[in-house]
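The sequence and the coordinates are shown first.

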Amino acid sequence: MAESIFGIHEQALQIRTKRAELLANNLANADTPNFKAKDIDFRKALQDASGEMKSPYQSEMRKTNPGHIDGDSNGFSSTSQYLMYRQSTQPSLDGNTVETHIEKAQFMENAMQQEATLEFINGKISGIRGALRGE
Amino acid sequence: MSMFKILDISATGMHAQTVRLNTIASNMANVDSVSSNKDETYKSKQPVFQTILEGNMHEPTGGVRVKEVVESQAPSIMEYNPNHPMSDEKGYIYRPNVNVIEEMANMMSASRSYETNIEVMNTSKQLLLRTIQLGK
């Protein structure tokens with residue numbers, strides 16, 4: 001139910017949050033030797049996440065033994081498969097590929113998009129609240 | 001997935017930069033600490049940063065830490081100054097291998113990185129507050 005209310009924005013918000021974390025990590029490691037900057041393939045991650053969202057009859061894998069491995073069925077849980085190394089335009093001697101200006105710009109862009117997503121979700125919530133109250 | 005992890009990541013970055021600033025302060029403060037012995041001379045200290053890998057190797061979103069603080073291997077500066085009270089029997093004093101200009105550049109880089117982490121934290125804080133207030 002909730003998924004159909006928020007549409008794609010719920011998944012988008014999760015990916016945006018994860019991406020913000022990654023970019024913050026890149027920025028925190030701006031002076032770490034041999035650190036390679038990473039980013040998420042947002043389009044692919046969202047496509048896959050929304051594909052999962054559209055099939056409502058997907059069964060959740062239940063873990064009955066602590067040795068069981070996490071399934072992939074519970075929506076968007078990991079971004080590791082969408083991670084990509086950033087191509088550095090000005091390689092540095094210490095093997096670090098973080099370019100602070102690029103990361104900052106990406107972070108800002110991601111923050112604005114996250115804000116937009118939050119705005120969408122907020123709009124949905126107030127719309128439904130209005131409908132429930134009969135306003 | 002924790003919402004507040006991003007604040008931890010930025011905090012590790014700020015901590016690492018603070019350690020860096022501290023070593024720079026120590027180096028600059030000791031730039032004139034002369035001694036009469038090569039081994040006792042103050043050696044320039046430099047922090048070495050390392051990424052914190054969390055759990056799974058493909059998701060290094062743990063931030064940064066100071067792996068160790070190493071002492072520069074550059075030779076101490078010998079200076080012939082027989083009138084100096086610290087001079088050895090041949091009249092030499094030893095100055096630390098601190099390069100003040102290098103340290104100043106290092107300090108600027110560290111403070112910029114610190115600021116970047118603060119900015120990330122500020123932006124994230126606003127977004128997290130907006131998320132918490134969803135539907136209000």
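## Chain A in outline

Four helices and two strands are found in chain A. Read from the N terminus, these elements follow the order α-α-β-α-β-α. The model is a predicted one.

Of the 135 residues in chain A, 41% are buried. Among the contacts in this chain with a separation of 6 or more, 73% join residues 24 or more positions apart.

## Nonpolar cores

In soluble globular proteins, nonpolar side chains tend to be buried together. The largest nonpolar core of this model has 12 residues. Chain A contributes A:A20, A:L23, A:A24, A:L27, A:A28 and A:F107, while B:I6, B:I9, B:A16, B:F49, B:V64 and B:V120 come from chain B. Two elements give two or more residues to this core: helix 2 (9–28) of chain A and helix 1 (5–29) of chain B. Helix 2 of chain A provides the largest share, five residues.

Apart from this core lies another one, of 10 residues, which includes A:L22, A:I40, A:F42 and A:L46. A:A28, a member of the largest core, touches B:I9, B:G13, B:V64 and B:N117, with residues up to four places away in sequence left out of the count.

## The enclosed cavity

Rolling a probe the size of a water molecule over the atoms shows where empty space is left. In this model, one cavity of 30 Å³ or more is counted. The largest cavity holds about 80 Å³ of space.

Its lining consists of A:T17, A:A20, A:E21, A:Q114, B:M3, B:I6, B:S124, B:L127 and B:L128. Helix 2 of chain A and helix 2 (100–132) of chain B are the elements that give two or more residues to this lining. By type, the lining residues comprise five nonpolar, three polar and one charged. A:A20 and B:I6 belong to the lining and also to the largest nonpolar core.

A:Q14 is located in helix 2 of chain A. Is A:Q14 buried, partly exposed or exposed? A:Q14 counts as partly exposed because its relative accessibility is 26%, and the partly exposed class lies between the limits of under 20% for buried and over 50% for exposed.

A:Q14 and A:Q114 are 100 residues apart along the chain, and their C-alpha atoms are separated by 9.3 Å. A:Q114 is also one of the residues that line the largest cavity.

Terms used
Residues are numbered from 1 along each chain as its sequence is written. Chains are lettered from A and ligands numbered from 1 in the order in which they are written. This is a predicted model: local features need pLDDT of at least 70, side-chain atom pairs count only at pLDDT 80 or more; totals for chains, interfaces and linings use all residues. Side-chain values use heavy atoms; hydrogens and water are left out. A nonpolar core is a set of buried Ala, Val, Leu, Ile, Met, Phe, Trp, Tyr and Cys residues joined through side-chain atoms within 4.5 Å. Buried means under 20% relative accessible area, exposed over 50%, partly exposed in between (1.4 Å probe, protein chains only). Contact means heavy atoms within 4.5 Å. On a 1 Å grid over the protein atoms alone, a cavity is a set of points where a 1.4 Å probe fits but cannot get out, and a pocket is an open set with protein on both sides within 12 Å along at least five of seven lines; lining residues have an atom within 4 Å of a point. Grid points are joined across faces, edges and corners, and a volume is the space filled by probe spheres set on the points. Ala, Val, Leu, Ile, Met, Phe, Trp, Tyr, Cys and Pro count as nonpolar, Asp, Glu, Lys and Arg as charged, and the others, Gly among them, as polar.
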